[in-house]
Every structure is written in structure tokens, then in C-alpha cells.
Amino acid sequence: MRNILILVFLLGCFQIGTAQDAMSVLIAQNLTDSVVLGRIDQFRKGGYEKPFDCGTHTREEFIATAKNYLGTPYQYGGTTADGMDCSGLIFRTFRDLGLSAPHGAQALARFGEIILDKSELLPGDVIFFTQTYSTRKLVTHAAFVLADGQMIHASTSKGVQMIPIDDPYYWNAHYLFGTRIFGVVPDLSEE
């Protein structure tokens, strides 16, 4: 009976021909966790991979702007240099560049191309995490990808900081997906 319910759920979520859709992959990865499956379904219903216009801004500008906030203390719901949370860092970075973005990790995760494979993330991509605190939301934390295996995020205990992406708490146990809001960077290694 449980397998039939899962099959009905999967068929109800996706049209035929989109089996490789990011959400279907997340569902397949979490078939044994009914709580996460419910959260994925709720997230999916709100839309995802929505376009985001970064104008003429580059990944480098985006990262440099975010780094201006290193050392800013953590404040839940904060969006200023006096205090900010993880999505506040992203929101403020966009605002500083004259762009409009939502404040909230789950709302931010709806924009850009979803990147499931961690090895495909590029500097400037936004990465999202799940179950980092108790909530009914799927997405609970956000950070920016930096070069050299680093990310910048707002830690509740240390404020805005750079840490290794492979940190076991944020990466291994809670990584959900990344999103690419900037165009694909051309491979210049062949020149």
C-alpha cells in the first residue's frame, strides 16, 4: 500500500517526460522520509527555477559585495550591517547591487537553475540546506559559494563568516541543492 501511495504521489507531482526534474530527484532521494517528502511537495507547489535577472552584475561583484559583511553579527530577520541572518546576507547583497530579492531562505531557493550535484557548483551560486532547525519548511539555511571550497553565510554563533563547504554540519548532513542565478561560466581552459 505504501508503495502505491508513493507512486501516486510521484505521478501527481510530475508530468510524463520530466523524470529528471530536480524535484523528482529530491523525492527519489528521500522516499523513506515522509516528513521531507511532504516538505518537498509543499515547496514544489510554490514554484521553483524561477528566472532571476542579475542585470549586468558579475559573480565577482556579487561575492565581493557579500564579503563586505564579514564579521557582521547574527540577528534573526536582520538585513543590515548591525545584524543579519543567512537570507538577510543574500537579500542585502542583492539590494546593495540595486537588485530586488526576497528575504527568506525558502523564498530565495525558488529562483535560479537548481544544481543538485555539489561538484557542479560555481562561485556565486547560492546553496541551500534543510533541517538545520525545527520548522515545517523544506529550506532552512542559505549561503553563497566562494572559490577554493569555501562558502560565506551567517552563523547564529559567529555571524557572517567564510567556512569550508565540506563542513560536516552544513554540507554533509543538511545540503539540499544549489541554484545558479548567473549564466553558465564558459570553460576557458581550452584556449
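Okay, some ground rules. The model is predicted, so to speak: local features need pLDDT of at least 70, side-chain atom pairs count only at pLDDT 80 or more, and totals for chains, interfaces and linings use all residues. Residues are numbered from 1 along each chain as its sequence is written, and side-chain values use heavy atoms, with hydrogens and water left out.

Let's start with the open spaces. A pocket here is an open set of points on a 1 Å grid over the protein atoms alone, with protein on both sides within 12 Å along at least five of seven lines; a lining residue has an atom within 4 Å of a point. Points are joined across faces, edges and corners, and a volume is the space filled by probe spheres set on them.

The largest pocket holds about 410 Å³ of space. Its lining has 21 residues, and nearest the centre you'll find Tyr74, Tyr76, Cys86, Tyr133 and Thr140. Helices H5 (86–96), H6 (105–108) and H7 (168–172) are the elements that each give two or more residues to this lining, and H6 gives the most, with three. When I say helix, I mean a DSSP run of H or I with at least four residues; a strand is a run of E with at least two, and both are numbered from the N terminus. By class, the lining has 10 nonpolar, nine polar and two charged residues. Nonpolar covers Ala, Val, Leu, Ile, Met, Phe, Trp, Tyr, Cys and Pro; charged is Asp, Glu, Lys and Arg; the others, Gly among them, are polar.

On to the second largest pocket, at about 180 Å³. Among its lining residues are Leu26, Gln29, Asp33, Leu116 and Tyr175. Helix H2 (22–29) and strand S8 (175–180) each give two or more residues to that lining.

The largest cavity has a volume of about 60 Å³. Its lining includes Phe52, Ile90, Phe94, Phe111 and Phe128, with H5 and strand S4 (126–129) each giving two or more residues. That lining divides into nine nonpolar, one polar and no charged residues.

H5 turns up again in our helix contacts. Its axis and that of H4 (residues 59–67) come within 9 Å and cross at roughly 120°, which makes H4 oblique to H5. Axes are lines fitted to C-alpha atoms, for helices over the stretch in contact, and angles run from 0 to 180 degrees between N-to-C directions. Under 35 degrees is roughly parallel, over 145 roughly antiparallel, 65 to 115 roughly perpendicular, and the rest oblique. Phe62, Thr65 and Ala66 of H4 make the contact with Leu89, Thr93, Phe94 and Asp96 of H5, contact meaning heavy atoms within 4.5 Å.

Last one: how do H2 and H3 cross? The axes of H2 and H3 (residues 34–45) come within 10 Å, at roughly 170°, and that makes H2 roughly antiparallel to H3. Met23, Leu26 and Ile27 in H2 meet Leu37, Ile40, Phe43 and Arg44 in H3. That contact has six nonpolar, no polar and one charged residues.

Technical notes:
On a 1 Å grid over the protein atoms alone, a cavity is a set of points where a 1.4 Å probe fits but cannot get out, and a pocket is an open set with protein on both sides within 12 Å along at least five of seven lines; lining residues have an atom within 4 Å of a point.
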